[in-house]
Amino acid sequence: MSRKAPILFLILTAVLALFGLGIYGLAAGSPGKEVSAMSETTLIIATDLHYLAPELTDHGTYFEDMVTDSDGKVMDYIEELTDAFLAEVIEAQPAALILSGDVSFNGARVSHEALAAKLRAVAEAGVPVLVMPGNHDLENSNAAAFRGDGFTRVGSVTAAEFATIYADCGFATALARDAASLSYMYEVSPGLRVLMLDVNTADSPNTVKPETLAWAEAQLADASLAGAKVVAVSHQNVFKHNSVIYSGYLIENADDLLALYKKNGVLVNLSGHLHCQHISHDDSCFYEIATSSLAVSPNQYGVLTLSDHEAAYATRITDVSAWAARQGMTDPNLLDFAAYSLDFFRCSGRDDTVRRMADDPDTRAAAEFFTELNVAYFSGRMDTVSADDPGFDILGGLGGFAGLYALSLREEAGLDSTKLTVRY
């Protein structure tokens with residue numbers, strides 16, 4: 001079976017913003033209010049896993065063409081990647097594992113049930129798991145089983161069914177749940193709470209419903225009275241990150257949500273959906289960390305360590321190769337997974353303009369630069385790119401999407417979005 005596609009351009013499904021280190025001041029507390037002391041606490045955050053149960057594909061022609069022509073998700077090895085990642089989580093023993101949506105590949109019930117079983121094993125190993133839905137997870141008409149040169153539709157799940165399947169992953173043990181969405185507040189410790197904010201309801205997609213916003217405000221007020229700090233989580237984003245691509249990524253009423261978070265001293269918003277690693281902030285230094293898709297090279301996740309006065313975030317790459325070796329596996333792609341995943345990313349998806357450039361000896365170097373620009377952007381390592389690279393001028397002169405996209409990334413050259421420290 002083919003695991004490669006013709007080279008070159010990965011179709012963008014991500015957003016852009018500026019990154020930097022900064023200070024974010026918490027909202028002033030009530031006079032005399034006792035703030036709960038918070039010992040050093042570590043959270044692991046992963047997103048956009050797009051897990052597909054093994055029984056839903058035979059890796060036939062249709063499936064292979066679909067995934068190699070897509071956005072770089074390593075769907076041929078999603079089972080092994082998931083198991084390797086969860087093994088690392090169990091070994092690390094964080095205070096909680098957060099999965100911020102798109103946990104399934106197009107919302108198939110079978111995939112949700114299989115993943116929930118894996119996550120229950122994590123919880124039984126002593127790590128609480130917090131799950132929320134993304135835009136792919138609920139009532140998805142594209143849920144399918146892939147066989148040979150075609151596919152067959154399979155059942156997806158409703159919001160209520162999602163909460164039942166993942167009952168052991170935050171919903172059953174939540175401090176409070178919202179009646180209008182799958183949002184919930186979870187108490188990690190007396191000094192720390194996590195607000196899992198669902199913006200993917202069937203009747204108000206990509207929007208915080210008014211009832212949910214009021215519920216969140218009450219929950220934040222309760223946390224303040226208890227002297228607890230709050231980390232917020234959403235699937236979509238609270239910032240418009242890119243002047244070219246933002247529709248469907250930015251929460252429709254993000255301004256209302258940001259005002260609420262800043263008023264109540266929320267430490268940071270954790271999100272996904274972009275598939276690229278990116279950190280953004282506004283003029284008041286409120287930060288959003290969008291962790292890249294676990295399914296896309298470099299297959300990384302976030303580690304957030306909090307204390308009374310500081311939050312430190314850094315990415316960590318899942319070591320699939322070490323896990324595979326311990327399992328006695330012999331597949332060379334698994335034993336050198338980082339190289340396989342990166343090569344797959346470079347070869348996935350194509351843009352006609354850039355593909356033609358790759359075929360022309362005079363413009364081949366610019367096409368190769370475009371591919372490596374995607375690698376840097378999706379991994380969060382734009383510090384490996386120089387804004388003075390002539391490739392930007394060549395690509396910008398193309399016009400169209402490729403040119404606009406390249407020029408938007410030029411503004412971010414030199415920035416590292418894989419780490420952040422916020423003091424409060």
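## How helix pairs are described

Axes are lines fitted to C-alpha atoms, for helices over the stretch in contact, and angles run from 0 to 180 degrees between N-to-C directions. Two packed helices are described by the angle between their axes and by the distance between those axes. Helices here are DSSP runs of H or I with at least four residues, strands are runs of E with at least two, and both are numbered from the N terminus.

Before we look around, please note that this is a predicted model, in which local features need pLDDT of at least 70 and side-chain atom pairs count only at pLDDT 80 or more, while totals for chains, interfaces and linings use all residues. Residues are numbered from 1 along each chain as its sequence is written, and side-chain values use heavy atoms, with hydrogens and water left out.

## Helices α12 and α14

Let's start with α12 and helix α14 (residues 400–410), which pack at an angle of about 50° with their axes 11 Å apart. Angles under 35 degrees count as roughly parallel, over 145 as roughly antiparallel, 65 to 115 as roughly perpendicular and the rest as oblique, and α12 and α14 are therefore oblique to each other. The crossing of α12 past α14 is left-handed (left-handed if the near helix is turned anticlockwise from the far one by less than a right angle, right-handed if clockwise).

On the α12 side, the contact (heavy atoms within 4.5 Å) is made by F370, L373, N374, Y377 and F378, and on the α14 side by A402, Y405, A406 and L409. By class, this contact has eight nonpolar residues, one polar and no charged ones. Ala, Val, Leu, Ile, Met, Phe, Trp, Tyr, Cys and Pro count as nonpolar, Asp, Glu, Lys and Arg as charged, and the others, Gly among them, as polar.

## Helix α10 and its neighbours

Helix α12 (residues 364–379) also meets helix α10 (residues 337–347): their axes come within 10 Å and cross at roughly 125°. This pair, α10 and α12, is therefore oblique too, and its crossing is right-handed. L342, F345 and R346 in α10 meet T371, E372, N374, V375 and F378 in α12. The contact of α10 with α12 has four nonpolar, two polar and two charged residues.

Which residues of α10 are buried? They are F337, Y340, S341, F344, F345 and C347, where buried means under 20% relative accessible area, exposed over 50% and partly exposed in between, with a 1.4 Å probe and protein chains only. What covers these buried residues of α10 includes α1 (61–68), α2, α8 (320–326), α9 (332–335) and α12.

## Helices α2 and α3

Helix α2 (residues 78–92) and α3 pack at an angle of about 20°, with their axes 10 Å apart. That makes α2 roughly parallel to α3, and α2 passes α3 in a right-handed crossing. From α2, the contact uses E79, T82, D83, L86, V89 and I90, while α3 supplies L115, K118, L119, A121 and V122. Sorted by class, the contact of α2 with α3 has seven nonpolar, one polar and three charged residues.

## Aromatic rings

How many aromatic pairs does the structure hold? There are 19. Rings of Phe, Tyr and Trp (its six-membered ring) pair if their centres lie within 6.5 Å; planes under 30 degrees apart count as stacked, over 60 as edge-to-face and the rest as tilted. F105 and F146 form an edge-to-face pair, 6.1 Å centre to centre with 65° between the planes. This pair links distant parts of the chain, with F105 in the loop between β3 (96–100) and α3 (109–124) and F146 in strand β5 (residues 144–147), 41 residues apart. Both F105 and F146 are buried.

F162 and F171 form an edge-to-face pair as well, 6.1 Å centre to centre with 90° between the planes. F162 is buried at a relative accessible area of 0%, and F171 counts as buried at 4%. Elsewhere, ring pairs link F345, F370, Y377, F378, F401 and Y405 into a cluster.

## Spots to find in the loops

In the loop between β13 (287–290) and β14 (300–306) you can find P298, which a cis peptide bond joins to S297, with omega about 10°. N299 lies in the loop between β13 and β14 and has a positive phi of about 55° although it is not a glycine. Is N299 buried or exposed? N299 is buried, with a relative accessible area of 2%.

E139 also has a positive phi, about 45°, although it is not a glycine. E139 sits in the loop between β4 (129–132) and β5 and counts as exposed at 52% relative accessibility.
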